[in-house]
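Please look through the structure shown here.

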Amino acid sequence: MSSLYEEISAPPAGDVPVRRVTIDVNGQARTVDVEPRLLLAHLIRQGLKLTGTHTGCDTTSCGACTVLFDGRPIKSCTMFAVQADGHKVETVESLASASELHPIQEGFKEKHGLQCGFCTPGMMMAAKALLERNLNPTEDEVRWAISGNLCRCTGYQNIVKAILWAAEKMRAESN
Amino acid sequence: MYPSRFNYESPKTLAEAIALLDSGGGETKVLAGGQSLIPMMKLRFAFPGTVVDINNIPGLNYHRFDPDGTLRIGALCRHEDLEFSDVIAKGQQTIAAAAPLVADPIVRARGTFVGSLCHADPQGDWSAVMIALNGRVVVQGPKGKREIAMKDFVLGPFQTAMEFNEMAIEAVIPAPVGQSRGGYLKLERRVGDFATASVAVAVEITGGKVVRAGIAMAGVGGKTIDATDAASSLVGQALTEANIAKVAAAVAAVAEPRSDHRGSSDYKRQIISTFVTRILTSIANPTKKAA
Amino acid sequence: MALDEIKIGGMGASRRRVEDNRFIRGKGNYVDDIVLPDMLHMEILRSPVAHARIKSIDVSKAWDTPGVRLVLTGEMMAARNLAWMPTLSYDTQAVLATDKVRFQGQEVCAVIADDPYIAKDACSKIVVDYEILPAIVNPLQAADPASVLIRDDKENQPGNKVFDWEIGDKAGTDKAFAAADKISKIELHYPRTHPSPLECCGSIADYDRATGKLTVYMTSQAPHIVRAAVALVAELPEHQIRIVSPDIGGGFGNKVPIYPGYVISILASILTEKPVKWIEDKTGNLISTGFGRDVYLKGELALRKDGRILGVRMNTISDHGAFFSDAQPSKFKIGLMHSAFACYDIPVAHMMSTGYYTNKAPGGVAYRCSFRVTEAMFFQERMVQAAADDLGMDQAEFRRINFVKDDEFPHRTAFGFLTDSGQYGKCLEIGLEAIGYKNFAKEKAEAASRGRLLGIGISTMTEPLGAGNSREYDILGIKMFDSAELRVHMSGKALLRTGAKSQGQGHETTWAQIVAHELGIPAEDIVVEEGDTDTAPFGMGTYASRSTPVAGAAVAMVARKIRAKARKIAAHLLEVSEEDIEWELGRFYVRSNQDRGVTIQECAMAAYSNMPDGMEPGLENNAYYDPPNLTWPFACYIAKVEIDPETGVWDVLQFVAVDDCGVRINPMIVEGQIMGGLTEAYAMANMQYITYDEEGNCIGANYMDFLLPTAWETPGFELYEVVTPCPHHPIGAKGVGECATVGGPAAFVNAVMDALKDKGVRNIDMPLMPNRVYEALTTGKDIYGMPPVRVGN
């Protein structure tokens with residue numbers, strides 16, 4: 001943000017509750033004023049402009065909004081941004097480092113684990129959470145771990161292959 | 001998709017939380033996992049004036065067996081804590097069977113056992129489990145703590161026996177008197193679906209005979225159905241094919257299913273009877289897995 | 001030396017996708033990701049009731065909500081002649097309701113505000129007074145002359161019928177039936193379901209008063225059609241309209257129609273002089289946008305006792321909801337339903353189709369259906385299954401003897417299609433081998449000993465993809481060609497644009513492979529763009545699996561035009577005449593001296609710096625392709641299922657898919673399409689449907705009621721391929737995107753029916769939920785229609 005200029009918009013009307021929160025987002029501390037009702041997914045997408053996280057339903061069913069919250073997967077549409085105060089949030093934008101892709105990302109590309117790409121960020125974050133808990137999952141364990149993430153395009157078979165590919169690569173790298 | 005406006009409080013102690021409920025005039029709602037409350041707020045089916053977030057109160061995220069065998073589950077114990085718990089896998093088969101079937105894996109990472117009881121959804125898995133296990137809910141208010149038996153805890157759909165200024169802090173499952181065995185089966189069309197019908201079975205066995213039997217059902221009535229009376233025919237008996245068949249029929253008979261798009265009431269009774277049979281059969285023959 | 005085609009990413013290479021590079025980084029550019037300066041947000045108020053007169057609308061409290069900029073009602077739209085708009089089927093559809101609401105979820109008002117939360121707050125303060133009318137929730141009610149008239153807005157609309165349509169030879173068919181040894185009959189309902197891509201529909205309309213230009217970012221599978229329609233509806237000049245379809249999170253036909261939300265957002269932008277973003281929520285998408293299917297069939301096959309089909313009779317009744325807004329070629333009221341039975345050699349057929357209005361969401365053609373070919377092939381394979389059973393014949397044998405044989409092409413089907421190629425028998429044999437058909441009786445007995453019921457279901461079909469030739473196919477009068485524009489730069493790198501619009505099919509990857517195949521330019525040196533009507537050549541968009549057949553052909557054709565020009569340049573560079581020039585991948589050479597040659601890149605450079613005398617400089621061209629015929633991919637899908645008779649739950653033990661989609665540009669992508677389609681087939685067969693109660697309340701308007709299978713339920717699929725090149729397509733390719741949704745459902749249903757055959761059950765309408773299977777197998781009775789919403793206890 002440029003320090004040369006900051007526009008101050010009209011302060012919120014007296015009865016609009018506002019909270020200042022500081023959230024570690026992808027390793028960076030972000031301080032924002034938010035209304036309590038703002039969903040974490042909307043803060044991520046509209047407030048912080050990290051549009052890799054998507055919203056695909058209104059019943060906490062589809063998982064397109066999955067991010068990691070203190071290392072565990074959550075559907076960011078089913079948490080208020082204020083709840084993340086003092087906590088750590090990781091979105092899909094944190095997977096790749098400056099120089100290389102995460103093995104999960106490589107696996108999705110290598111194994112054709114995506115088509116339209118809309119469910120993909122949520123799938124990959126759910127996969128990351130799985131592999132951090134279990135680096136050698138069976139196919140069933142993978143399918144179980146992503147059963148909270150809906151995909152309309154792929155039929156899941158290649159997503160499972162992608163995650164198993166990533167697991168193998170990560171196992172090799174950790175040796 | 002967009003909840004209506006509310007005030008937000010994030011107390012750091014239990015006392016603070018209760019004080020907020022007390023001063024809230026019934027317009028406050030406790031937020032634990034939020035996986036039931038927030039979806040309702042997003043659809044504007046729920047619109048509390050103030051949300052009291054208890055996630056920052058330390059000391060509530062636990063589940064443990066006391067030395068005497070009592071199981072205590074704290075208010076912030078997440079579903080997946082139970083799903084991945086060694087002590088639960090070893091020591092509480094009903095909960096171990098039910099945990100993976102609650103919602104979906106991501107919701108389980110955040111939603112809480114106790115919160116689910118307080119939500120009092122008639123199709124809730126944990127309510128049925130608690131009834132079968134003869135559990136109790138520990139509730140705290142400005143006047144102090146009290147314990148409410150699970151069967152008295154839910155008054156109706158989404159209604160509990162708590163006062164407006166009380167919150168649930170712990171679920172208690174009494175120590176078994178015999179060897180504890182159990183199971184949970186749920187017919188859902190896909191992961192995350194509401195149950196077409198589900199059954200929680202908890203038995204305690206001493207010397208090859210059942211000394212206690214608790215059975216409860218979800219999805220087959222406007223509330224969790226307590227079939228402990230129907231299960232009582234097992235007490236003092238061994239788990240034989242004949243006894244199992246008798247109790248399966250008795251349990252199905254006390255279900256109160258409605259005919260709808262998930263099936264006729266007869267069908268849902270059939271599911272109950274089949275599931276009770278399968279769970280009890282697998283308890284009687286541990287090599288045969290119930291599915 | 002010719003280049004290695006696979007190494008340069010040509011045809012047949014399972015080239016990893018270019019699109020993935022941004023998607024895996026979360027850098028996709030979907031409509032909701034786009035932010036324009038001063039952008040406002042729109043929320044639509046939808047009707048809670050299915051059929052009602054609007055007595056009054058009070059929007060005053062909405063206007064009073066801080067942050068609200070504009071509130072639109074039907075009355076305000078009507079004042080601007082925008083309360084109604086034309087549909088793609090020559091009907092009209094309400095943009096915002098004026099006199100009545102005609103389905104639950106219909107758009108009634110719109111609020112435009114500073115942010116979507118405020119817009120939603122304001123919407124909930126709008127008070128509408130409805131006078132409830134009886135709701136019509138199925139075609140039977142609609143057909144009753146005493147029923148309430150839904151479309152009383154239309155002149156000369158005497159009842160609730162939309163159309164009558166007929167095709168085939170009635171007299172000949174009646175004769176065939178009279179001479180038949182046996183007549184097999186079946187009644188089926190293909191339930192209403194929904195494409196439900198994960199991303200909902202949305203638009204950002206940005207009208208620039210200074211320039212008079214309207215830009216709309218939109219979830220559209222067919223941006224050029226939208227531009228033409230917007231010009232018509234909004235009465236803006238076509239050259240001042242720019243439609244941009246950025247990344248689209250799944251289409252499946254749901255994003256072809258033009259929805260009221262788009263139109264309202266355009267007017268809102270014009271009135272507020274700011275960009276207006278409208279993103280619907282999942283409920284809005286499921287309750288109001290283009291659904292699929294909802295067709296009833298009475299089907300009959302006239303049979304000879306040796307198993308030959310002598311004639312086909314089909315009588316369909318379709319439910320189109322409140323407005324006839326089907327996106328399909330305008331000549332065919334029931335889409336390509338008459339493509340049924342194309343793979344079988346049948347002398348005569350007759351079909352009658354009637355469509356009705358109901359108080360439900362409008363549409364019917366959407367959902368990966370190739371214009372109702374999903375219905376056609378489902379009905380076909382269910383009729384075939386029933387007929388084989390009625391004759392006591394083996395399912396595979398019955399199909400085998402009725403197939404059009406390999407040497408019987410071209411073949412004119414009984415309904416008038418011309419199929420040009422096929423190896424249906426080979427597909428079937430591969431499938432039967434893979435599923436272990438010969439061993440099945442043993443498997444079935446073994447399962448029975450464990451108390452389980454086993455069944456195998458076969459579904460074979462050929463389907464018409466690639467609409468279509470200008471003689472027969474148009475949408476709103478616009479012919480269904482497609483286009484490609486190729487610019488080869490001086491370095492030999494290239495830019496390709498087409499009139500198609502990928503929503504996950506991977507065009508950025510595959511179109512480059514066609515150019516690599518034709519020109520020897522490595523695929524990674526070719527960038528592909530689609531979706532912006534300001535830059536893309538005119539095309540009719542991507543749906544009905546038409547892109548490879550039509551746009552893909554255009555890509556091949558434009559590349560060939562470029563190659564023809566490059567050949568002349570090569571001759572000039574090599575100082576020989578054109579007749580002495582030969583081509584191998586990437587290089588022109590002198591026939592008599594093969595070491596003397598020039599690469600395509602050298603020709604490209606020369607096009608800008610060393611042209612032959614008299615030749616126009618540059619190496620750029622375009623092509624518009626009017627396909628001579630549809631393409632005819634074919635498939636054999638076989639499912640093996642096991643039913644738990646105590647619960648009715650059925651598991652898929654094995655699923656085999658044998659697909660022939662001609663020459664495969666990118667095998668990996670083709671397989672991805674098939675697996676995705678089979679999953680949707682499984683979903684429809686098992687759990688995925690929308691229904692309405694007697695008051696017209698929609699059950700299935702959110703993901704708790706409208707069930708999509710997760711990775712846990714979805715079976716694995718074994719894929720096999722047969723390749724019969726399409727004889728008329730420039731690269732021998734056919735469409736494939738929808739084959740699996742077209743042929744798949746019958747495989748699952750036939751398998752369950754096969755398992756229940758001994759119980760006397762002949763049919764269970766989809767969805768085959770466990771309770772329906774259980775009821776059938778315990779009573780021996782067929783199950784018709786949708787699951788009931790409420791039944792007495």
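This is a predicted model. In chain A, among contacts between residues at least 6 apart in sequence, 58% join residues at least 24 apart. The chain has five helices and five strands, and from the N terminus on their order is β-β-α-β-β-β-α-α-α-α. Along the principal axes, the C-alpha atoms of chain A fill a box of roughly 55 × 35 × 25 Å.

Chain A has 175 residues, and 62% of them count as buried. Its accessible surface comes to about 6,800 Å², with 49% belonging to carbon and sulfur atoms. The chain carries 18 positive and 20 negative side chains, and the centres of these two sets lie 4 Å apart.

Chain A also meets chain B, in a contact that takes 35 residues from chain A and 37 residues from chain B. The size of an interface is often given as the accessible area lost when the parts come together. Here the two chains bury about 2,900 Å² between them, 61% of it on carbon and sulfur atoms. On the chain B side, the residues that lose the most area to chain A are Arg5(B), Tyr8(B) and Ile106(B), together 24% of what that side buries. Four salt bridges are found across this interface. In a salt bridge between Glu80(B) and Arg133(A), the closest N and O atoms are 3.5 Å apart.

Over all chains, the structure holds 90 salt bridges. In chain C, Asp4(C) pairs with Lys7(C) in a salt bridge, with 3.9 Å between the closest N and O atoms. Asp4(C) counts as partly exposed because its relative accessibility is 40%, while Lys7(C), at 73%, counts as exposed.

Which parts of chain C does the salt bridge between Arg53(C) and Asp152(C) tie together? The closest N and O atoms of this pair are 3.8 Å apart. Arg53(C) lies in strand S2 and Asp152(C) in the loop between helix H5 and strand S9, so the pair ties together parts that are 99 residues apart in sequence. Arg53(C) is partly exposed, with a relative accessible area of 34%, and Asp152(C) counts as partly exposed at 34% relative accessibility.

Asp389(C) and Lys757(C) meet in a salt bridge at 3.7 Å, N to O. This pair links distant parts of the chain, 368 residues apart: Asp389(C) is in helix H10, and Lys757(C) is in the loop between helix H18 and helix H19. Asp389(C) counts as partly exposed at 27% relative accessibility, as does Lys757(C) at 39%. Elsewhere, salt bridges that share partners join residues into one network, among them Arg53(C), Asp91(C), Arg151(C) and Asp152(C).

Note on methods: Residues numbered from 1 in each chain as written. Chains lettered and ligands numbered in written order. Predicted model: local features only at pLDDT ≥ 70, side-chain atom pairs only at ≥ 80, totals over all residues. Heavy atoms only, no water. Helix = DSSP H or I, 4+ residues; strand = E, 2+ residues; numbered from the N terminus. Buried < 20%, exposed > 50% of the residue type's maximum accessible area, 1.4 Å probe, protein only. Contact = heavy atoms within 4.5 Å. Areas by Shrake-Rupley, 256 points an atom, 1.4 Å probe, with all protein chains shown as cover. Lys, Arg positive; Asp, Glu negative; His and termini not counted. Charge placed at Lys NZ, Arg CZ, Asp CG, Glu CD. Buried area = accessible area lost by both parts, 1.4 Å probe. Salt bridge = Lys/Arg side-chain N within 4 Å of Asp/Glu carboxyl O.
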